[in-house]
Amino acid sequence: MEIDTLVQEDAVSVALKSTSRAEALEEMVDLLPASALQDKNQCLEDIQKREQEGSTGIGFGFAIPHGKSNGVQQAAIAIGKTEEGLEWESLDGKPVEVIFLIAVPEENAGDDHLKILQQLSRKMMDETFRDSLKGADTKKQIVDIVSKI
Amino acid sequence: MKLVGITSCPNGIAHTYMAAENLNKAAKEKGIDIKVETQGSIGVENELTEEDIESADGVVIAADKTVEKSRFEGKPVLEVASSDAIRRADELLAQFENKEVATYSERSGKEKAKEKIEEDKAKKKKKQNPVYRHLMNGVSYMIPFVVVGGLLIAISLSLGGEPTEDGLAIPEGTFWSAINQLGGTAFNFMVPILAGFIAMSIADRPGLAPGMIGGFIANDGSFYGSEAGAGFIGGILAGFLAGYIAKWIKEVKVPEMIQPIMPILIIPILASLAVGLIFIYVLGAPIAGLMEAMTNGLEGMEGGSRILLGIILGAMISFDMGGPFNKVAFLFGAALITQGQPEVMGAIAAAICTPPLGMGLASLLFKKKFEKDEREAGKAAVAMGLVGITEGAIPLAAADPFRVIPSIMAGGMTAGAIAMLGGVADHVPHGGPVVAVFGAIDNVIMFFIAIVIGTIVTALLANVLKKPVVEGS
């Protein structure tokens, strides 16, 4: 399995409309491909729940809300950018500009997708990777950057 | 310098790996050699070997869950949240360079090492009460045994059972009898596993053996001349006793020479002896005595108020689910069938299934009040309830006894009273809807009304009493 099976251009937004963390979660769950979801509300609820346990704002203007959920059929990622910068209770207190929303099914059908998410998570720690994402302004650019992992 | 590390987070999807990556990067910049084990949803990767640990100058644990630490005995151990490794891996490593990290020791260093990270963890600790955390640890390891045992017994009873004077019996030598025995074996592990992992949560690995041995003894009345063991409540007691005794022995100062054999030899042996002997010589006699007193008490009630008897039996059946109260009530009802009073067993048969059905229903309806593990156990509890296996509710009760036990008792009392009022009779010493299917119940409609109302009372009361789950760990 390759990462481009998890991220599709339709699931990317370079200009989120949301003005808050809560709105952004909803907006981004909406971006996920319908085929990946069984129950959108359940998926959103589980991601919100994880967010309550501790902010997923990892600093550097990045957030990675994620959740394991029965509402998810197939692992999928949505990527969103926002010009405004959203308050996310981040580790470094800075507003969030780039959001990776990761939805994973509760029951693991193999762990291929987990391995990809692991690579993605590790990549988040790479400054060049983060800067190139911050600089990207089309859906295609973003998908290209992420596909190179 | 060489370090080893472990990272772990609640979901095991992202933070585990980000923390690991950042530790690796920060170490590389500082010229430190580091190997980081990740405990994520894929399982353990890059596992630390004994040699790795042996040759390391320090251990950094960046985790939001409990990580087993006994393998790091004698090493400087720094425990932080995964977010600390993401945010300030540099600083963490600098603490090792400046020799600011306290040495971890099963014996006493544990407290010291913890103080350092107290600030970081203070918030989390407040959120979750340690007693609850220990219980939940025991329960999560017990659940598979309850589910395997309960479902195998349920399947074999419903497909291979025949109603007889001695209850639902499965003819010996049949295939279903083998399945039933398999299930019974799983059930036998239930209480020892519960006790063992409660103790392990308190005292780490040295607590495991004393807890399991104590749990086994607590659950087997023959050790102390009682007809029934102390059930899961006895198991919880044994687990906490074993855990705190082991922890207490750990804190005793011993000469350096003896230290290495403390965790594998001295602590387990002394703690096992202490817990086992406490049960056999101190708690055993009162438990046996209590059973006798209860039996006499019930016999004294014959001819008295039927409804009161139904309420009392319902409460006893659901209080300890397989422990002494449950056993006394059950044997009393079973004995009265042969004396021509099957109505008493009727009340018991209704109360037998309301704890698992009620808690199962509660876990389906009120998801926020239950951990994920508990919700899974709840589904299995429904299946067990249908065939009259009260034990199905044990995982849910053991995780939160002070709120769940009153709920299931209220439901059991309601069911017992309604069944008595409705003149339900059961001619087979077994409970749950399955008995009606086998045609052993008189007044089937009232029997089911009793079960349904008892189930609903249990579920609603559980919802009122239980608090929402704080943290899924």
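## Contacts across the interface

In this predicted model, three residue pairs are in polar contact across the interface of chain B and chain A, both members of each pair having pLDDT 80 or more. Two elements of chain B, helix H1 (15–30) and helix H3 (82–97), each give two or more residues to the side that touches chain A. H1(B) gives the most, with eight residues. By residue class, the side of chain B that touches chain A divides into eight nonpolar, eight polar and six charged residues.

In terms of contact, 22 residues of chain B meet 26 residues of chain A. The size of an interface is often given as the accessible area lost when the parts come together. Here the area buried between chain B and chain A is about 2,200 Å², and carbon and sulfur atoms give 60% of that area. Ile13(B), Met18(B) and Ile42(B) supply 26% of what chain B buries against chain A, more than any other three residues.

## Salt bridges between the chains

The rule finds two salt bridges across the interface of chain B and chain A. One of them joins the side chains of Glu21(B) and Arg122(A), with an N to O distance of 3.0 Å.

Lys372(B) and Glu106(A) also meet through their side chains in a salt bridge, at 3.5 Å from N to O. This pair crosses between chains: Lys372(B) belongs to helix H13 (residues 372–386) of chain B, and Glu106(A) to the loop between strand S6 (96–105) and helix H3 (112–123) of chain A. Lys372(B) has 39% relative accessibility and so counts as partly exposed. Glu106(A) counts as buried because its relative accessibility is 18%, under the 20% limit.

## Salt bridges within chain B

Over all chains, the search of the whole structure finds 21 salt bridges. One of these links Glu79(B) and Lys69(B), whose closest N and O atoms are 3.6 Å apart. The two residues are ten residues apart, with Glu79(B) in strand S5 (residues 77–80) of chain B and Lys69(B) in the loop between strand S4 (58–63) and S5 of chain B. Both Glu79(B) and Lys69(B) are buried.

Asp400(B) and Arg403(B) form a salt bridge through their side chains, 3.1 Å from N to O. Asp400(B) is buried, with a relative accessible area of 9%, whereas Arg403(B) is partly exposed at 27%. A network of salt bridges links Asp84(B), Arg87(B), Arg88(B) and Glu91(B).

## Surroundings of Ser55(A)

Ser55(A) sits in the loop between helix H2 (40–53) and strand S2 (57–59) of chain A. With a relative accessibility of 18%, Ser55(A) counts as buried. Its side chain reaches the backbone nitrogen of Gly57(A) at 2.9 Å, and a polar atom of that side chain lies 3.3 Å from the backbone oxygen of Glu89(A).

Neighbours within four places in sequence aside, Ser55(A) is in contact with Arg21(A), Trp88(A), Glu89(A), Ser90(A) and His15(B).

## Aromatic pairs

The count over all chains comes to seven aromatic pairs. One of them, Phe175(B) with Trp176(B), is edge-to-face, at 5.1 Å centre to centre and 70 degrees between the planes. Phe175(B) counts as exposed at 56% relative accessibility, while Trp176(B) is partly exposed with a relative accessible area of 25%.

Phe319(B) and Phe325(B) form another edge-to-face pair, 4.8 Å centre to centre with 80 degrees between the planes. Phe319(B) counts as partly exposed at 25% relative accessibility, and Phe325(B) counts as partly exposed at 23%.

Definitions and conventions. Residues numbered from 1 in each chain as written. Chains lettered and ligands numbered in written order. Heavy atoms only, no water. Contact = heavy atoms within 4.5 Å. Buried area = accessible area lost by both parts, 1.4 Å probe. Salt bridge = Lys/Arg side-chain N within 4 Å of Asp/Glu carboxyl O. Polar contact = N/O pair within 3.5 Å; in protein donor to acceptor, adjacent residues only side chain to side chain. Helix = DSSP H or I, 4+ residues; strand = E, 2+ residues; numbered from the N terminus. Nonpolar A, V, L, I, M, F, W, Y, C, P; charged D, E, K, R; others polar. Phe/Tyr/Trp six-rings, centres within 6.5 Å; stacked < 30°, edge-to-face > 60°. Buried < 20%, exposed > 50% of the residue type's maximum accessible area, 1.4 Å probe, protein only.
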